[in-house]
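Welcome! Have a look at the model first, then try each task before reading on.

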Amino acid sequence: MPLLVLLSYAAPRVPVDWSPLRISVETSIAATIVTFFAGLAAAAWRQGRRGPATAIVDGICLLPLVLPPTVVGFFLLLLFGRNGPLGKILLSLGASIVFSWPATVIAAAVVAFPLMYLSSRAALEQVDLRFLEAARTLGASEWRVFHAVALPLAWPGVLAGTILSFARALGEFGATLMLAGNIPGKTATIPIAIYFAVESDDMRHAIAWCLADVAISLVLLGGVYYGTHARVRAGRP
Amino acid sequence: MALTRASARAGPEMPLEVQIEKKLPEFTLDVAFTAGDEPLSVLGPSGSGKSMLLRCIAGLERANRGRVALGGRTLFDSSEGIRVPARERRVGMLFQHFALFPHMTVGENIAFGLAELSANEQQRRVAAVLERTHITGLEGRYPRQISGGEQQRAALARALAIDPEAILLDEPLSALDTHLRSQMEAQLQETFAAYRGPALLVTHNIEEAYRLAEKMLVLSRGRVAAFGARDEIFRRPPSLEVARLTGCKNFSGARTVSPGIVDALDWGCRLRVDHEMTKLASHVGIRAHELQLTETGGAIPAENEFPCWLVRSSPTPFRVTVYLSLRGPGPEEKGAASFDLQAELTKEKWRHICDRPMPWHVRLPPESIFLLPG
């Protein structure tokens, strides 16, 4: 019954604006790609290292997880704003990030980064050192040790981190609003669009976008389920 | 692998020269030895630094000081700041639990070290080592799909495939079931026979160490306790420690009476010994299987023959270990733990003697007694 009520709201009287869905998916995919490589690189660098440098790197990497997203967004604004260090450089190149689509990607990537970093670091640490040592005695370069031995063995954890990052990027609201604002058709992702729709009493759009979000989440969960079970069927570790 | 085998410098250099110092939490590993183109077993109790020694040679650990040279190449030299990374050392290492990559087939595992060769050459080499290790046909299987012995062979094949200048084996048989051990021992013997280069075998098993190599290095708390021909080490252990580590069970404090005659203080008897150098000896020892047991002595007691009483016996599958007291009968008076000598008998000998009245007689052949410095 509630579903019918919801559907009646969503029934097209005037066409629904689906741009937030497109923006959200594009942003999440772009942010996940950025986060995948950055998080994995940081985790790989961290592997087998100890000492004060790693503690500092750990702290910086995990900060976005601990801070409220609005604070992260505020810092990013200071960094990329007109008078920020990175903002000035970009401006001299004729580009401005704030309130543009790339800003949604930056905000989502920064907020999702700790999840990718933590998951892949844990997964890489789980890999038995003897495999890496065996690879070295067999003449493999450090890069080959990483991509041919460590990464495949850590893959389930790395994959989990990637999915978590995508989910986090999809749900990102606070930092995105601070850095990218709410420009319909440009920076308005689903969470932001929903917020402003509800604020302006546009329940029809709010519900349509909510359902879109639910649909994406279900597809994602289905993919995770299929992925893990496919591995089991194939008998891979 | 674009590695040049540096031409050997003048002089008779051994293929493998090792002199390293490495600080460990409990003690300092301080070892120097050379190895020729033949197997060398490294015997030592667990925690004596044997594995660390292999890891330093393979380049997986950095020694604090010293030098490692292999086939004329300097792999490590602390004074010259040379430290060749593990990947360029061309050392085939067999890990204790094999360390086969679980996400690769046996064939892919073996070909892993051959990445720079053409596909054809890789195939040819993989086929060759599969044949050498008797696992042809398993190249398509994953490590978890084959038995422990086959995994061992696959790991050996992988190490041999890179045509290493030395092979290092870390407790190769300890992860195997007993019935597989003798098979793998035969495989290792075959491999050693065909291999031209230094082969180091680390083990805590005295029999393995003895059977697999004629040269032996005994490690104790990071130091070389003995190094040389295995038969010499077993016949004349240079110290009490080495005698113990090579499985000798009977020891006694000793005092020299005159050249060739010592008093065994703990056993309470006077012994004639074959060695001339009795002066430095603080202990005497004899291996359990060298003791000769008879039910009655002759009318005139033979040399080094003493009456003895059985304290207890303990059977093993093919032999019986008997614990003997040289000072009167029975465990009742002295406590069960009080025995002087431990002897090993065949089951047949045991059946023959076990019902005879005591005292029996035990003889310590002079040529089997070793004298040990303190």
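**Exercise 1. Find out what share of chain A is buried, and which elements build the chain.**

Solution. Start with burial: of the 237 residues in chain A, 37% are buried. Keep in mind that this is a predicted model. Next, go through the secondary structure: chain A has 11 helices and 0 strands, so its pattern along the sequence reads α-α-α-α-α-α-α-α-α-α-α. Then look at the overall extent: along its principal axes, the C-alpha trace of chain A spans about 70 × 50 × 30 Å. Finally, turn to contacts in chain A between residues at least 6 apart in sequence: 77% of them join residues at least 24 apart.

**Exercise 2. Describe the side of chain A that touches chain B.**

Solution. First, count both sides: 15 residues of chain A and 17 residues of chain B take part in the contact. Second, locate the elements on the chain A side: α7 (129-137) and α8 (142-170) of chain A each give two or more residues. The largest share, 7 residues, comes from α7(A).

**Exercise 3. Work out the strand order of the open sheet in chain B, and which strands stand at its edges.**

Solution. Begin with the order: the 5 strands run β16-β20-β17-β18-β19 in chain B, with antiparallel pairing. Now check the ends: β16 (292-294) and β19 (341-346) of chain B each have a single partner strand, so one side of each lacks a neighbour in the sheet. From one strand to the next, the twist averages 45°. To see one pairing in detail, take β17 (residues 305-315) and β20 (residues 360-363) of chain B, which are antiparallel over 4 bridges. Within that strand β20(B), B:Arg363 is the bridge partner of B:Glu305.

**Exercise 4. Decide how helices α3 and α4 of chain B are arranged relative to each other.**

Solution. Take the geometry first: the axes of α3 (residues 119-132) and α4 (residues 148-161) of chain B come within 9 Å and cross at roughly 135°. That angle makes α3(B) oblique to α4(B). The crossing of α3(B) and α4(B) is right-handed. Now list the residues that make the contact: α3(B) brings B:Arg125, B:Val126, B:Val129, B:Leu130 and B:Arg132, while α4(B) brings B:Ala157, B:Leu160 and B:Ala161. Sorting them gives 6 nonpolar, no polar and 2 charged residues.

Methods. Residues numbered from 1 in each chain as written. Chains lettered and ligands numbered in written order. Predicted model: local features only at pLDDT ≥ 70, side-chain atom pairs only at ≥ 80, totals over all residues. Contact = placed C-beta atoms within 7 Å. Buried ≥ 20, exposed ≤ 12 C-beta atoms within 10 Å, placed from the backbone. Pairing = 2+ DSSP bridges. Axes fitted to C-alpha atoms, helices over the stretch in contact; angles between N-to-C directions. Parallel < 35°, antiparallel > 145°, perpendicular 65-115°, else oblique. Left-handed = near helix turned anticlockwise from the far one by under 90°. Nonpolar A, V, L, I, M, F, W, Y, C, P; charged D, E, K, R; others polar.
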